[in-house]
Amino acid sequence: MQARTTLMLAAIAGFLGVALGAFGAHGLKPLLSAPMMTVYQTAVDYHLLHAAVLLGLGGWQLHQPQVWLKRAALFMVAGLLLFCGSLYAMVLLDLRMLGMITPIGGVSWLIGWGLLFIAARSMTTSTSID
């Protein structure tokens, strides 16, 4: 995934995270049980956190377009879709079985974070972002 794509996906993810958070706080709160509201809030929290990660990752890609960063971006997006998407669908559609998909999203994020570590480790000490 190229820096431009990563940055555009970060913008979309951030926008949707804010919109879904507001929808949950204002539209769903009176309709959901406290445990389901907690599940929804977890999805929003992780959604916004990883939108910010994608933003930083896109900036890093602008300065160092390396394969580890491209792969990390793919896994971060997959984690967003699988983890947050499954939680949103579980709450909004009352499909509890979708909770089985959530850990796959979490593993995707773990792989993405691991790839970020590899990318950082592969940098030379003389690498500069000026």
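At what angle do helix 3 and helix 4 pack, and how far apart are their axes?

The chain contains four helices and zero strands. Read from the N terminus, its elements follow the order α-α-α-α. The C-alpha trace spans about 55 × 25 × 20 Å along its principal axes. Of the 130 residues, 38% count as buried. Contacts between residues at least 6 apart in sequence can also be considered: 74% of them join residues at least 24 apart.

The confidence of the prediction deserves attention as well. The average pLDDT of the chain is 93, and 95% of the residues score at least 70. Confidence is lowest in helix 1 (residues 3-28), where the mean is 95, and highest in helix 4, where it is 97.

The opening question can now be answered. Helix 3, formed by residues 67-93, and helix 4, formed by residues 102-121, pack at an angle of about 160°, and their axes lie 7 Å apart. Angles over 145 degrees count as roughly antiparallel, and helix 3 and helix 4 are therefore roughly antiparallel to each other. Their crossing is left-handed. Sorted by class, the residues in the contact of helix 3 with helix 4 are 19 nonpolar, seven polar and one charged.

Y46 is located in helix 2, which comprises residues 34-63. Is Y46 buried or partly exposed? Its relative accessible area is 36%, so Y46 is partly exposed. Setting aside residues up to four places away in sequence, Y46 touches F83, C84 and W109. With F83, the separation can be stated in two ways: Y46 and F83 are 37 residues apart in sequence, and 8.5 Å apart in space from C-alpha to C-alpha.

Q66 is found in the loop between helix 2 and helix 3. Why does Q66 count as buried? The cut-off for a buried residue is under 20% relative accessible area, and Q66 counts as buried because its relative accessibility is 17%. When neighbours within four places in sequence are left aside, Q66 is in contact with A119, S122 and M123.

Conventions: Residues numbered from 1 in each chain as written. Predicted model: local features only at pLDDT ≥ 70, side-chain atom pairs only at ≥ 80, totals over all residues. Heavy atoms only, no water. Axes fitted to C-alpha atoms, helices over the stretch in contact; angles between N-to-C directions. Helix = DSSP H or I, 4+ residues; strand = E, 2+ residues; numbered from the N terminus. Parallel < 35°, antiparallel > 145°, perpendicular 65-115°, else oblique. Left-handed = near helix turned anticlockwise from the far one by under 90°. Nonpolar A, V, L, I, M, F, W, Y, C, P; charged D, E, K, R; others polar. Buried < 20%, exposed > 50% of the residue type's maximum accessible area, 1.4 Å probe, protein only. Contact = heavy atoms within 4.5 Å. pLDDT = per-residue confidence, 0-100.
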